[in-house]
Amino acid sequence: MSAPTLDALVSLCKRRGFIFPGSEIYGGLANTWDYGPLGIELKNRVQHEWWKRFVSQRRDMVGLESGILMNPKVWEASGHVSNFGDPLVDCKKCKQRFRGDKLLEEKIGVEGAAVLTLEQVQPMLLAEKIKCPSCGGLDWAIAKKFNLMFRTQQGVIEGEGADIYLRPETAQGMFVNFRNVQQSMRKRLPFGIAQTGTVFRNEITPGNFTFRTREFQQMEIEYFVAPGTEGPIFEQWKDDMWQWCLDIGLAPERLRIREHTKEELSHYSSRTIDIEYKYPWGWGELYGLANRSDFDLSQHQKFSGQEMTYTDPDDPTKKFLPYVIEPTFGLTRTVLAILLEAYEDEKLKEDDTRTVLHLKPIVSPYDLAILPLSKKEHLIAKAEELYKKIVQSSGLHVDFDVTGSIGKRYRRQDEIGTPKCITVDFGTLGEDTAQGEKDTVTIRDRDTLKQERLTIADLLKHLHPPTA
Ligand code: GAP
């Protein structure tokens, strides 16, 4: 199956209610996106599945929901005020601004671009003859560091409020609450805190649909360990993250692991790997896994003056700052990868193609669709009765569609990735044995297109929520 073009996916997302351009009726707001009825179902399912796997089903994990707004000292301590920026270059000809390292990446590789100092970016752009993607000019200004945090003001009087930031990662909420969580939950090392939520970054060059946006969602884990034990724990998380990728339907041939070079490491990290996905425009980061050592806890201890240590319950004389392994997952980026992976324009016969999303059942917006064969009232009543029974007994997400020919409805369900369709016809009612026996329905598989006749009793017995 070849990867779809991004345009084909963007078009399907709008047409079928997954993702809409933000503020569209006002001409939009560049690089903002709204999740439609099916997009939010898919995103919620990914998030729910992630939480179930990494929090609810693990004794060593607990959850948290900290605020988006935090004391600005948090961001001084974390290093975001001084270090969280990208090299910004201005095209002197058309005045457009770009990330210098991203422009260089294609020519000198990610690792090569990451080791450049701010002063080296502009000369290198000129030496490599990298032209402005907007106007084609070759007239770059000296690069400047551009801080990616969104700044705003707290307080009701304009100009007099305190400057604060919209959080650029969920991680810091977990670090500042480390002692609250550890003590209230009586957790012993190793244990982890997880949270999901919206974060903001004033990206210089957002784009590629929802791949890089200024507002997005993360699912992050801070896993606290005794110093010296982090090596095998890092490896275990690498395996767990990889398995997650496979279980949500990403193909191993479009996944790879990339180890960060020393020069490329973030200010807080002593080791980082990225899990990369092969997007239509090339390989790019999907997730990250970092060894943050005791950087964050020690910084918060220093800046807040509060103790952030852990006391060994077996030996209270042993007090230390735990190390942290951080598996981080972009939620909105996951949704994009899942959709890209699932999309296919499939040729069925010489003159017949269909668009289909081969979504894994654990993430598809609907598990099933019930399609009454015609709009006859008594047929719809029978189908509605079945709908209620299934929803109440199985907890599945079920669509109910009566508009259009049965063929068109099948194709619509294929396009939104519904794994199975159930057709209720006159056979089901006992009125036409040519269609089937009384109280039987047709069940159609999205991927194989095979149709099976089943009794309603058998169908109900075999329905259960999908598992990975
Ligand atoms: N706490 C560590 C941290 O925030 P990161 O690599 O900067 O690490 C984590 O971000 C994940 O968030 C990335 O792996 C990616 O999936 C996602 N992400 C980062 N920037 C993004 C953006 N501008 N738009 C969408 N997702 C983004």
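A few ground rules come first: residues are numbered from 1 along each chain as its sequence is written, and side-chain values use heavy atoms, with hydrogens and water left out. As the model is predicted, local features need pLDDT of at least 70 and side-chain atom pairs count only at pLDDT 80 or more, while totals for chains, interfaces and linings use all residues.

Let's start with the ligand. There are 20 residues around the ligand, and Glu169, Arg201, Glu220, Glu285 and Leu286 come nearest (a residue is near a molecule or strand if one of its heavy atoms lies within 4 Å of it). Sorted by class, this shell holds 9 charged, 6 nonpolar and 5 polar residues; here Ala, Val, Leu, Ile, Met, Phe, Trp, Tyr, Cys and Pro count as nonpolar, Asp, Glu, Lys and Arg as charged, and the others, Gly among them, as polar. Strand 10 (215-225), strand 13 (282-293) and strand 16 (323-330) each give the shell at least two residues, and strand 13 provides the largest share, with 5 residues. Helices (H or I, at least four residues) and strands (E, at least two) are DSSP runs, numbered from the N terminus.

Some atom pairs are worth a look here. In the side chain of Glu220, an N or O atom is 2.5 Å from a nitrogen atom of the ligand. The side chain of Gln218 has an N or O atom 3.0 Å from an oxygen atom of the ligand. The ligand exposes 550 Å² when taken alone, and the protein buries 91% of that (accessible areas come from the Shrake-Rupley method with a 1.4 Å probe; for residues, only the protein chains shown count as cover).

Next come the sheets. Strands of a sheet pair through backbone hydrogen bonds, either parallel or antiparallel. Strand 19 (residues 368-372) and strand 21 (residues 420-424) run parallel and are joined by 5 bridges, with Ala369 opposite Cys421.

Contact means heavy atoms within 4.5 Å; axes are lines fitted to C-alpha atoms, for helices over the stretch in contact, and angles run from 0 to 180 degrees between N-to-C directions.

Another open sheet has 3 strands in the order 5-4-6, with antiparallel pairing. Strand 5 (97-99) and strand 6 (144-147) are its edge strands. Strand 4 (residues 85-90) is joined to strand 5 by 3 bridges, and Leu88 stands opposite Arg99. Helix 6 (residues 118-127) packs on this sheet, touching strand 4 and strand 6.

Finally, the backbone. The peptide bond from Leu189 to Pro190 is cis, with omega near -5°, and Pro190 sits in the loop between helix 8 (178-185) and strand 9 (191-200). Ser23, a residue other than glycine, has a positive phi near 50°.

Terms used: A polar contact is a pair of N or O atoms within 3.5 Å; within protein, one must be able to donate a hydrogen and the other to accept it, and residues adjacent in sequence count only if both atoms are side-chain atoms. Two strands pair if DSSP finds at least two bridges between them.
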